[in-house]
Amino acid sequence: QKREDILEALYFEMVDVFDQRVERVEEQTISLALIQADMQASMERMVAYRFFWTDLYFLLKSNAQIKAHFDAVKDQRMAGFQFVLRALIDQKVLRAPSYPKEYSFLIDRMIDYSNTWIYASELYGEQEKSALMISQASFQLMSMMYPYLTSAGQEKFRELFGEFF
């Protein structure tokens, strides 16, 4: 029991920052720079708690409270991403979807990558969790949006991530 209590306490300490950001998303002025900063901060937090993310499958299978929270948060993350994408569409940074579920599928891919990118860093031997590694991972995550950006959005994207072009 004590091990499980410790894992739960650490998990909820870690995700408190994520949960607060999701709750505040509608209070912020959405921009590609804000999204990138938020994703990078989330990835830095994941690195700080990487022992969770590398054992996430086990934790979700073995702890009902963590699993229930993780499942509930996915719905909140979906809603947050939908809000962000609608704001970018309104700003003419992101084009309107071509078919009804197009952006739902994009959001699924982005959430899946954001949940698992740290595995790849472990698998490929990037033991040093450098600022460059996190910067590259946040670029890879953000670049999933690139094909959906308007010309103006792509220009803003290139300004934000100039070092990768």
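Keep in mind that this is a predicted model.

Next, colour the helices around it. The elements giving two or more residues to the lining are α1 (2-24), α2, α5 (64-90) and α6 (102-123). Which of them gives the most? That's α5, with 9 residues. Now switch to colouring by residue class: the lining of the largest pocket splits into 19 nonpolar, 7 polar and 4 charged residues.

Stay with α2, which also gives residues to the pocket lining, and bring in a new partner. Select residues 32-48 for helix α2 and residues 131-143 for helix α7: their axes come within 9 Å and cross at roughly 130°. Angles from 65 to 115 degrees count as roughly perpendicular and those over 145 as roughly antiparallel, so α2 is oblique to α7. The crossing of the two is right-handed.

To see what touches what, show side chains. On the α2 side, pick Leu32, Ile35, Gln36, Met39, Gln40, Met43, Glu44 and Val47. On the α7 side, pick Met133, Ile134, Ser135, Ala137, Ser138, Leu141 and Met142. Colour this set by class too, and the contact of α2 with α7 shows 10 nonpolar, 4 polar and 1 charged residues.

Key:
Residues are numbered from 1 along each chain as its sequence is written. This is a predicted model: local features need pLDDT of at least 70, side-chain atom pairs count only at pLDDT 80 or more; totals for chains, interfaces and linings use all residues. Side-chain values use heavy atoms; hydrogens and water are left out. Axes are lines fitted to C-alpha atoms, for helices over the stretch in contact, and angles run from 0 to 180 degrees between N-to-C directions. Helices (H or I, at least four residues) and strands (E, at least two) are DSSP runs, numbered from the N terminus. Angles under 35 degrees count as roughly parallel, over 145 as roughly antiparallel, 65 to 115 as roughly perpendicular and the rest as oblique. A crossing is left-handed if the near helix is turned anticlockwise from the far one by less than a right angle, and right-handed if clockwise. Contact means heavy atoms within 4.5 Å. Ala, Val, Leu, Ile, Met, Phe, Trp, Tyr, Cys and Pro count as nonpolar, Asp, Glu, Lys and Arg as charged, and the others, Gly among them, as polar.
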